[in-house]
Every structure is written in structure tokens, then in C-alpha cells.
Amino acid sequence: MTDDLFVAGTTGDPADPADGPAGGVRTAARVAETSEGAQELLERPATPPAELRRELGAVLRLPEGGVLDPGDIDVERRDDETMIINMGPQHPSTHGVLRLMLELDGETVLRTKPVIGYLHTGMEKTGEELTYVQGATNVTRMDYLSPLNNELVFSLATEALLDVELPPRAVWIRMLMSELQRVSSHLMWMATNGMDLGSTSMMIYGFREREMVLTFFEKATGLRMNHNYIRPGGVAADLPDGWEDDVEVICETVLARTYEYDELLTGQPIFRERTEGIGNLSAEEALALSATGPILRSTGVPWDLRRTMPYLAYDQLDFDVIVGTYGDNFDRYSIRLNEIRESIRIIRQVAERMPPGDYRVQDRKVTPPPRARIDESMEALIHHFKVFTEGFRVPEGEVYVAIESPRGELGCLLVSDGTSKPYRMHIRGPSFVNLQTVPLLLRGGLIADAVAVVSSVDPVMGEVDR
Amino acid sequence: MTALLPEVPSAPGRHAAEVAFPDREHYAAQVAAYRDAGFELCADLCAVDYLTHPGRHLPDGVEPERFEVVVNLLSLSQKRRVRVRVQVPESDPVVDSVVGIYPGADAMEREAYDLMGIVFRGHPDLTRILMPEDWEGHPLRKDYGVGRVPVQFKEAPGPR
């Protein structure tokens, strides 16, 4: 880890023995090149008091006073004992290109500031240039660990503006894929979390199981990731022949393996030492910081949009919402592990009750006609051509739709001006918002736990930066 | 409380939402009123640029302006969502920050400032969050030229 810790405090200091005059110039030039200016964590004297309080733990700004009295904070502290260091953006444990600037006193973290934007590709702007038909290929690349959920929220928002009613099979296929995605996303999290805590076996196991799900996705959608499978109007294709068997094999295997993870991690003393009581969060703090998903549930708030504000047909299914008690790393771990089991319960119910019928709306203005029809019907040819060149027009309006992604509330605000392209498409990425809890979770903890805490928040940088 | 909620259905069917249109002066007070009315969580905050929009439906008495800040609030206890839309003029794109009311709006307001150029008065650290610090312009604005600069390294020639 030390290889990636670049000490900003020694920059260009000629008195520094490790950093001669020539070296100092070079370092200063390098710092100037990579500097993000005011986006970075500054020395205490250079930081405005309001910002300093925020960096010391954002919940300080709670109107009720919060857990920490602002008066207790030593804003004036100017001693030489603290050090500002950089973690990332290319640290192997930061799950992409997250850069954390930390102020340390010895090994204790005092302040944290996440610096993001290294993966910003302007996808919201791109979304305004693409038709609603093409839009799903864009949003699917945001949260690359659960692409189907991104497609789902975009499609639901488009359909809300179009006011189309989906055939039941399309709804249930979407639920099946969405839950499989949750399993794969949580497995991926188990893998990377294991790796961050030094359990390389878990890393291998998590990826191995996730691969089963991805293989099924490849069979059903044609791609392992970034599927463009869930589209406005339904899904791109019906499930492949024999999907019931594939899904049952996945359910059986993954469910059995979750009990192996229990043996490997849950009861293991070293793992518990590293996770219990680390990165604590209270329900008030989580709500104030707009945290959702497993982070909010770990504090004991039973908020899961699938249950509390059901979309698709989740109100017809039987499943439990997993909540924690202490809001620490271990709770977030157990929530995700148990959500895999709950998702498998849902998948089995969906597989059992999968209704027959169309997998997409039979409205030729929204979905293209079947391939066979194009050869025999001029009208079908025209519709096919129109859908894929011009797209379909969506009535003017504005809608906000939210679903429960593996990381929390994934929202889409869609503004239409009546043309075939979104006027404004805003995605509320749960990782982006949840990342705000990191300064609070890290405060007062050890630098060695920083990696574990960031991992337990489960940020996906593609979604943070969009 | 209901007097503050003009029911403007902005989408048909079950996605119809409660939308409030406060003016700029009363925006923060309105958001605070919602927080006190049990909306515990600020789910989302973003800005929309209506420069090239042919015309939108607004209730009587709301003067359309170029920008609009859209805040989505969520009440966990009542299982309700409400959307607050405030008009922000182009000549003076300033609006009160709600960070003091919902600390979670922090990163979202920075994003709206970065990408749309809305200034949130009272925000403790209103800096760019996604774009580089020395970036010029606000990319999500409708009059922002796209595709002019091939690369964004600092040594790249040409105007940004």
C-alpha cells in the first residue's frame, strides 16, 4: 500500500533529504500537473472553517447538532503532527479511480475528502444526443456491475412518459434478470471485499460464482456486461430455451456456496476483528447524508424500494428485507450476503410463476416488428426503419423513477420535449451519493481500516462519475 | 401543508407526482417545511436547462426561467415522494443552498454547480466535483459547444 501513498507534505521542499533541489522542482511540476486545486484536501490554515467542519465529518452540519459537537473540533490546530496523504486514484483497493485525501495523526484518520471525476465521461450529456432506443446502451455503462438495473430505470422512466403498459412476461423477465444481477453484483462485492481484507480465497470464489451468472446473461442477452437487454417497451429477446434449468443450477450452486462463505468469513475471528465496530454509522446520519441501500439498511432502517414502494411486480413476491443493527462493516457484509439468499428466493418464485405471452409491447410505434414480418409487410419495414433511425416520439413531460439497485436508490429524472431524444436525462447514482458517508465512516479510524470501509460502501466509479 | 402542494401531474398514471413550484426566495423555506413535514431524505437534486425547450407546462403564476433546480424529497415514514422545482434566471443563476437542511445535498449541489453553473448560496465548499478544476464552462448547458476539443490534457492546443 505504501507504494501508492504519495506524501503531499514534502512537495518541493529543498530541505527534504530525499528530495534534492532538482528533484524538488520535478516533484513540484508533477504536483502542478495533477493538481485539482480546491477540489483537494487543503492544509488546515488554508481551509475555510465551514469546509473544515464538513471534512471532519459531514454530519456536523446536521441542524439538530449531530453526534459531534462542532465546538469540540479543533479548527485552529496547526501543529506538525498531522500529515495529508493521497490514496489513489490508482490504488488497487479503491474500486476504480477513487482518490481519497486523508489527514492523518499517526495512523488515525482525522479528515477525509474523496476527490472524484477521474472517470467522468459526460454520459448525461451523451444521453441527450441519443434517441430513447439508443439510450439504454448509454446508461448501461454507468454502473458496470449492475448494467441491467441502469437499463431498467431508464426504460421505466421512458415508459412512464409514454404511458405504455407492459405485458406480464416482460415485467417478470425484468425481475428475473434484475435479481440475477443483484446476485452477481453482491458476489462481485464479496470478492473485492475479501481481497481488500486479505482473503484471496473469497476473491477467487466470488468471481467464480459471478461467472456462472454472467454466462447465463451471455446466453440470454448476447453479452456478459452492458447488455442493452432491457429496453423501453420490454426486453430485447425472450429467455433462451432451457432457461429454467440454467437458473435453477445457478440458484442451487450459489445458495450452497453462500454457506461456504459463512464458514470462510462470517465466523472467522480475523474477519470479524477487521469488520465489527469499524465504520459505524447511525440511522440519523445515514438519512441526513441521503445514504440508501445496504448502508441505510445496516443502520436498522428497513427501507427497500422493492418492498416499500414496489415497482415491476415485486408486491406479488415473498421476500425479506434484511436490516442490520450497528451500521458497521460487518452489518453491511451480512446484509449483502443475506440479500444474495433473498434474491435467490425471489428468482425461484419468478421462475416458477413466469407468465407466458409477449416479452415486449406489441405497439409498433415503440418496439420494432419481428424480423420475419419485415419480409412480408411494407408497413412492418417502415416501422422497423423508423424505430431504428428516428426513434419514437415521447410526449412532453417530466418524470422521476427510482428502483432499488444493489447499491441503493437508482433514480432517473427524464425530461422530454416531445421529440425522440431525451431533453434531459439525469441519473441519481447511489454510489455517488453514498460516497458522502466515507468521511464520516473513516473519522477516528485507522488508516489500515480505510480500505475496508471504502470497500463496504461499495462505490462503483462508473456510476459515481457518470 | 397541503396549501403548499399544487398537484401538478407531470407524468401519467402511477408515476404522477406531487410537485411544488416555490419561487427563489421561498425555495429553502419550502424545502425546510417539507423536512419538518416528515421528508427525511433528499433523494436527488439536479438542474435542468430549458434554453431550447419549446415550452413546458407550469402552473399559473410561475414565471418560466432558463434554469430549473429539481429536488426530489422522499418520506420514508409516509412512503411518499415530492418534487420541488424552482426557477432560476439565466442572468443571476443563484439559489439558496439546502445543505444546511439536508447535508446529503452537498455532492449533488456541487455537481449541479459544476455541470450547469448554478451557484448555491451558502454551500460550504462549492467547487467543481466531476470536471477538472480549471475547466471553463458548464458542460450540461444547452449552449455549451460539444466536440470542439479532441483531448482534455492541459497541454492540448486550442480553446477549451
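Tutor: Start with the count between chain A and chain B: 19 residue pairs are in polar contact, both residues at pLDDT 80 or more. The side of chain A that touches chain B draws its largest share, six residues, from strand E7 (residues 397-405) of chain A; strands are DSSP runs of at least two residues, numbered from the N terminus. This is a predicted model, where local features need pLDDT of at least 70, side-chain atom pairs count only at pLDDT 80 or more, and totals for chains, interfaces and linings use all residues. Residues are numbered from 1 along each chain, chains are lettered from A in the order in which they are written, and side-chain values use heavy atoms, without hydrogens and water.

Student: What makes a pair a polar contact?

Tutor: Two N or O atoms lie within 3.5 Å; within protein, one must be able to donate a hydrogen and the other to accept it, and residues adjacent in sequence count only if both atoms are side-chain atoms.

Student: Why is A:Glu398 with B:Arg85 called a salt bridge?

Tutor: The rule asks for a side-chain nitrogen of Lys or Arg within 4 Å of a carboxyl oxygen of Asp or Glu. Their closest N and O atoms are 3.6 Å apart, so the pair qualifies.

Student: Is B:Cys46 buried or exposed?

Tutor: Buried means under 20% relative accessible area, exposed over 50%, partly exposed in between (1.4 Å probe, protein chains only). B:Cys46 has 2%, so it is buried.

Note on methods. Helix = DSSP H or I, 4+ residues; strand = E, 2+ residues; numbered from the N terminus.
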